[in-house]
Amino acid sequence: MTMTDDASVDASRVIASQRAFFDGGGTRGTEMRIAVLRRLEQALRDRRDTMLAALAEDLGKPPIEAFLAEHRFLLDEIRLICASLERWLKPRRAGNPFYFWPCRSSVRREPFGAVLVMAPWNYPIQLSLSPLVAAVAAGNTVVLKPSEHAQASERFLAEVIADCFPPEHVAVITGGPEVAESLLDRAFDFIFFTGSSEIGKQVARKAAEHLTPTVLELGGKCPCVVDKSADLPATARRILTGKLFNAGQTCMAPDFVAAHEDIRQPLVEELTAALNSLPWEQEMARVINERHYKRLRGLLTGREIRKGEDHDEALHFAPRILPDAGWDDPAMNEEVFGPILPVVGFTDREDLIARLRGLPSPLALYAFSRDEDFIQALTEGIRSGSLCVNDTLKQACNLNLPFGGVGASGHGRYRGKAGVMAFSYERAVTRRFFLPDPFDLSPPRAEMARFLMKWLG
């Protein structure tokens, strides 16, 4: 569905039909949810080449990146959820105080209702469908607003969703910022947003007007700390692999390296060797648009180590290391979100932790070290949504782990079971029976008060 001048009418019609579908019990049965998710799984399998082509058109994604991070990732998540959903949603028995007897209590997982999912452009299909799959599995209806900056992926999503779901269950609404703003003016039951911190603040303000619960998946400057005990060749290769995946346009990519001064220069040499020895520039996605391309250029104010050449018209930005970066440089004052790796130095662990604490809490913290005391100090001293030791990105690609931020990097968790939990809430259920009540509190209550105070006091 593409919104036009009557966007408000279209959105209102879709949301009204989804509320009616939900209220009529259309999303209730777990067997139905699993069936529609299996249908989506098959559609993605059948359209794999079309998906990869859309991602190549939007971002120039190499096939291996598009396949692993978007196609295979989604298939794995759908299969995990379908195999586990009934077990995850099974009501959980709860105890009761003895003076409630006879009584039975339980905790049930219930869907919120009508859900809005707003997706970004950097992983335009994965970050649209992963929360959507969790929302459907939890029993909600979904309006998906993909990013208008990835138009081929947007078209792909609209076609797949239309083939797999009736619009009263799941619908795609496309358009620019005005459409997103129009949707946020509506009273959804839950909002899931992935994107920048600035837009996340706007989403939070809009949601607050309707007291709508949210999950916000944002970003920030994810530190990559390297101390003197690290294996430098392995560290350099793993940092670059995480940094240059999707041309650095990954919310949990290592944003900058903080290296101990004793090994800063040797680490830069290893990073340079790893950069020069492998054809990164030949197998790297491009920058999404001209605005971001120019923004990245503005971060280059000092010496740089570059592999390959920039191609302005194609928006291919050559990967760079900034070996002499300072903590106050432009590249350290905003999230890089591109193939630029600043390397700053530190000498004292406590000073480093204090400095990192002064930055907004990141989505991920990376630590390279063999020193368990150093790793523990970073773990306890720096707040982050996730932590990965001696590698990058792995904690965010494991469907058995919850994924999300803290503070400025967002709130809420999803992926696998955590996603189904995010799109549902715990409902307390207590059932009593028409049997004699040994703890009746109807007046007169003096004798009951003496009894209870004696045994409960």
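This report describes helix packing and some backbone features in a predicted model.

## Helix α3 against helix α4

Helix α3 covers residues 48-59 and helix α4 covers residues 63-89. Their axes come within 10 Å and cross at roughly 135°. The crossing of α3 past α4 is right-handed.

On the α3 side, the contact is made by R48, M51, L52 and L55. On the α4 side, A66, F67, E70, H71 and L74 take part. Sorted by type, the residues of this contact are 6 nonpolar, 1 polar and 2 charged.

## The course of helix α4

Helix α4 has 27 residues. From its first C-alpha to its last it reaches 36 Å, which is close to the 39 Å expected at 1.5 Å a residue. The helix also has a bend of about 45°, placed at A83.

## Helix α3 against helix α6

Helix α3 also packs against helix α6, which is made of residues 151-164. Here the axes come within 7 Å and cross at roughly 155°. An angle over 145 degrees counts as roughly antiparallel, and this description therefore applies to α3 and α6.

From α3, the residues T50, M51, A54, L55, E57 and D58 take part in the contact. They meet Q151, A152, S153, R155 and F156 of α6. The residues of this contact divide into 5 nonpolar, 3 polar and 3 charged. M51 and L55 of α3 are listed in the contact with α4 and also in the contact with α6.

## Cis peptide bonds

Most peptide bonds are trans. In this model, the bond from W101 to P102 is cis, with omega near -10°. P102 is found in the loop between strand β1 (92-94) and strand β2 (103-111).

Another cis peptide bond joins P443 and P444, and its omega is about -5°. P444 is in a loop as well, between strand β16 (424-432) and helix α15 (446-456).

## A positive phi at A247

Most residues other than glycine have a negative phi. For A247, phi is positive, near 55°, and this residue is not a glycine. A247 belongs to the loop between helix α9 (232-244) and strand β9 (256-260).

Key
Residues are numbered from 1 along each chain as its sequence is written. This is a predicted model: local features need pLDDT of at least 70, side-chain atom pairs count only at pLDDT 80 or more; totals for chains, interfaces and linings use all residues. Side-chain values use heavy atoms; hydrogens and water are left out. Axes are lines fitted to C-alpha atoms, for helices over the stretch in contact, and angles run from 0 to 180 degrees between N-to-C directions. Helices (H or I, at least four residues) and strands (E, at least two) are DSSP runs, numbered from the N terminus. A crossing is left-handed if the near helix is turned anticlockwise from the far one by less than a right angle, and right-handed if clockwise. Contact means heavy atoms within 4.5 Å. Ala, Val, Leu, Ile, Met, Phe, Trp, Tyr, Cys and Pro count as nonpolar, Asp, Glu, Lys and Arg as charged, and the others, Gly among them, as polar. The expected span of a helix is 1.5 Å times one less than its number of residues. The bend at a residue is the angle between axes fitted to the seven residues ending there and the seven starting there. Angles under 35 degrees count as roughly parallel, over 145 as roughly antiparallel, 65 to 115 as roughly perpendicular and the rest as oblique.
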